[in-house]
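Me: Please take a close look at one local part of this model, then go on to the helices. Keep it plain, and give the cut-offs.

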Amino acid sequence: MPRLVVNGKTHDVDADPNTPLLWVLREQIGLTGTKYGCGIAQCGACTVHVDGTAVRSCSLPVSEAEGKQITTIEGLAQNGVLHPVQKAWLEHDVPQCGYCQTGMIMAVAALLTEKPKPTDADIDSTITNICRCGTFQQVRAAIHAATDA
Ligand code: FES
Ligand code: FES
């Protein structure tokens, strides 16, 4: 029975070790902020942090997440204070339909931990999440705003 630490809480889940982390998060732990898009690690809608690194949870067997710190969009704000990326997203009205945005925000938050002042080239090479609403210009502007905050 895999034991997961998600947003600081421990969960013993009844899942086959090969089950993708995404489905355990959504269906067993009830954290539905993380979205299913493609299921083949292409779109980024399912992005979470595993030990601080952005990971596409649709393609990570739950067994590989055991013993690691998993953070989902529900755990990004701390003590009721939004993460700077979340604040910038609100200020720049980034989301349109919103479906891709939790994964986008998680990917950006991990990028800023690694590179606090990313260039446009850094953003383009790292934030490969797909947004069917085409919010890419707003995403880039909001990332720069978050780094200036
Ligand atoms: S649902 Fe995981 S990358 Fe698309
Ligand atoms: S905001 Fe609609 S898919 Fe990105």
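Reply: Beyond its neighbours within four places in sequence, His 83 is in contact (heavy atoms within 4.5 Å) with Leu 76, Ala 77 and Ala 109. This is a predicted model, in which local features need pLDDT of at least 70 and side-chain atom pairs pLDDT 80 or more, while totals for chains, interfaces and linings use all residues. Residues are numbered from 1 along each chain as its sequence is written, chains are lettered from A and ligands numbered from 1 in written order, and side-chain values use heavy atoms, without hydrogens and water.

His 83 sits in the loop between β5 (69-71) and α2 (84-91); helices (H or I, at least four residues) and strands (E, at least two) are DSSP runs, numbered from the N terminus. A polar atom of the His 83 side chain lies 2.9 Å from the backbone nitrogen of Val 85.

Strand β5 is also one of the partners of α1: the buried residues of α1 pack against β1 (3-6), β3 (47-50) and β5. In α1 (residues 21-28), Leu 21, Leu 22, Val 24 and Leu 25 are buried (under 20% relative accessible area, 1.4 Å probe, protein chains only). Just after α1, Gly 30 has a positive phi of about 85 degrees.

Further along, the axes (lines fitted to C-alpha atoms over the stretch in contact, with angles from 0 to 180 degrees between N-to-C directions) of α3 (residues 101-114) and α5 (residues 136-148) come within 11 Å and cross at roughly 40 degrees.

Notes
Polar contact = N/O pair within 3.5 Å; in protein donor to acceptor, adjacent residues only side chain to side chain. Buried < 20%, exposed > 50% of the residue type's maximum accessible area, 1.4 Å probe, protein only.
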